[in-house]
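Student: I would like to learn how to read the place where two chains of a model meet. Could you take me through it step by step?

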4 protein chains.
Amino acid sequence: MREELLEICETGNAEEQEILRLAMQAIKQKRERNSAFLSGFMGLTGQFLDERTYQFIVPITPFMHNPLGVVHGGILATLIDSTMGSLVNRSLPENQFGVTTELKVNYLRSSREGTLRSEATILHRGQTLIVLQGSVFDERDRLLAHGTATFMILHK
Amino acid sequence: MREELLEICETGNAEEQEILRLAMQAIKQKRERNSAFLSGFMGLTGQFLDERTYQFIVPITPFMHNPLGVVHGGILATLIDSTMGSLVNRSLPENQFGVTTELKVNYLRSSREGTLRSEATILHRGQTLIVLQGSVFDERDRLLAHGTATFMILHK
Amino acid sequence: MREELLEICETGNAEEQEILRLAMQAIKQKRERNSAFLSGFMGLTGQFLDERTYQFIVPITPFMHNPLGVVHGGILATLIDSTMGSLVNRSLPENQFGVTTELKVNYLRSSREGTLRSEATILHRGQTLIVLQGSVFDERDRLLAHGTATFMILHK
Amino acid sequence: MREELLEICETGNAEEQEILRLAMQAIKQKRERNSAFLSGFMGLTGQFLDERTYQFIVPITPFMHNPLGVVHGGILATLIDSTMGSLVNRSLPENQFGVTTELKVNYLRSSREGTLRSEATILHRGQTLIVLQGSVFDERDRLLAHGTATFMILHK
């Protein structure tokens, strides 16, 4: 593996080197805060906008592209799910966590480059289930995807 | 970057080395058949079961894990979307292709390891829209996730 | 009200008389087995096909038509939801019941007349949630609509 | 039929008389503005709040109740679908109309009585597809149900 890695590292194109860079970023984020590798590849770091709204801002990289060169539908689903999951888990007490039971995404526009902004809001918080909506915007504030999902609250 | 890569390559744990191996696999699949990097990381290669059913079989790797150590919901969504997309695009004439307009996934069970089998079937083929369902099973044939989606047919 | 009713009863067109007939059917079903009026209007009566599959067969009536003269999307959603709900409630012990927490329907074809067959199957039965799929066919066995839903199990 | 109708009209309970009243309302709305009977039973009449938002306000009647005495999930789906459909059709040119291709509803709370307010907004208007979201509130402004849907634009 060493030889191959070095070869890509030295002679690979920009996109390929970017993938290696993201792999290291993912490994680092996993070491430092036990992020999913997938989150590390996507560069996910979020913040609260207000008590009910959580936000991720991430750069579009070749890792996110589908074969048509636009952000993969699976990445947008992951982004929405992760933003919602972060909001849910940050809003639950220590001994509880949430898991996605269903997620629906409507894909509205495609995007090639720039920055994605993902926001999630709680629509309803029940005893057992939390229902959320999430939106992903491009850097010109156009809505790219909209999702709704249900999380189930579990006890550790 | 070179030094860091070599360090992980030589002293990283098994999981981290696996991530580097998958990065190279993704780069290779991109070079050879213009796969999305994401598909290469997931090791997606599919086949027809019959005229209306397409199948992917993929190994669960650390790349797929969420922080709880089970397959990430975003990965299951990507897997269902990719299986459906492969089916749609292989069943359309040369000058057409399909894009996902909406996808809903129900998450039923979690899985840590082994193999995932993803199957997609066409429910309805219209002039403009194709509606599909997809299922992901673990290696004991238990249903992990079920999805339905709509693809829109576009002309190149 | 009496006069108006008698007038429609005697001089109304076939469709209008059918609506009055269905109103009486709904009132009767409510009296006899505490059906929802809506179920009585739709003439819902179901049966098990096997342990995991429940079926409704209902005639298309003017009550079900949208302004275009085909079965209303809301009626198809109601039919799928009701078939699933019947299956869920017949499969739970006496002291439990299920409520719909989410329902997604894909509309595939329209239908004007004849008979609708609605079938629901359980995809996954958890401790708290039951996930189902449902299909509605016309009398030529063409798929008109497909749905997936989650029911939550509650205790009486 | 005449005898039965008269009997319910004279000796039926309040709920049953209400059903007959709604049947006549539905017949009248059908005659006057070619409403679906289902819309007439529900008393649907809407208005624009602004260019992108349409609103229905309807009273909860026994027609809407499920066997538990709360508004039927199918009615909420119909309400959301109808509000969206009205918005879509009022916003399209004369020679076009929209049909629902998919609808997902999350059910958040139940409601027994009072008034329902249903609002729909366009999330994205494409050449072929329009994606909307809709919400139903009770008279204390609590969110009862939330939906997203796709309409396809057809030419007359």
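Tutor: Let us start with the word itself: contact means heavy atoms within 4.5 Å. This is a predicted model, and in it the contact takes 50 residues from chain A and 50 residues from chain B.

Student: How many salt bridges does the rule find across the interface of chain A and chain B?

Tutor: A salt bridge needs a side-chain nitrogen of Lys or Arg within 4 Å of a carboxyl oxygen of Asp or Glu. The rule finds 8 salt bridges across this interface, and one of the pairs is A:Lys30 with B:Glu15, whose side chains meet at 3.8 Å, N to O.

Student: Which element gives the most to the side of chain A that touches chain B?

Tutor: That is α2(A), with 12 residues. The residues on this side of chain A divide into 25 nonpolar, 13 polar and 12 charged.

Student: How do the β3 strands of the two chains run?

Tutor: β3(A) and strand β3 of chain B, residues 96–107, run antiparallel and are joined by 5 bridges; A:Asn106, for its part, stands opposite B:Glu102 in β3(B).

Methods
Residues are numbered from 1 along each chain as its sequence is written. Chains are lettered from A and ligands numbered from 1 in the order in which they are written. This is a predicted model: local features need pLDDT of at least 70, side-chain atom pairs count only at pLDDT 80 or more; totals for chains, interfaces and linings use all residues. Side-chain values use heavy atoms; hydrogens and water are left out. Helices (H or I, at least four residues) and strands (E, at least two) are DSSP runs, numbered from the N terminus. Ala, Val, Leu, Ile, Met, Phe, Trp, Tyr, Cys and Pro count as nonpolar, Asp, Glu, Lys and Arg as charged, and the others, Gly among them, as polar. Two strands pair if DSSP finds at least two bridges between them.
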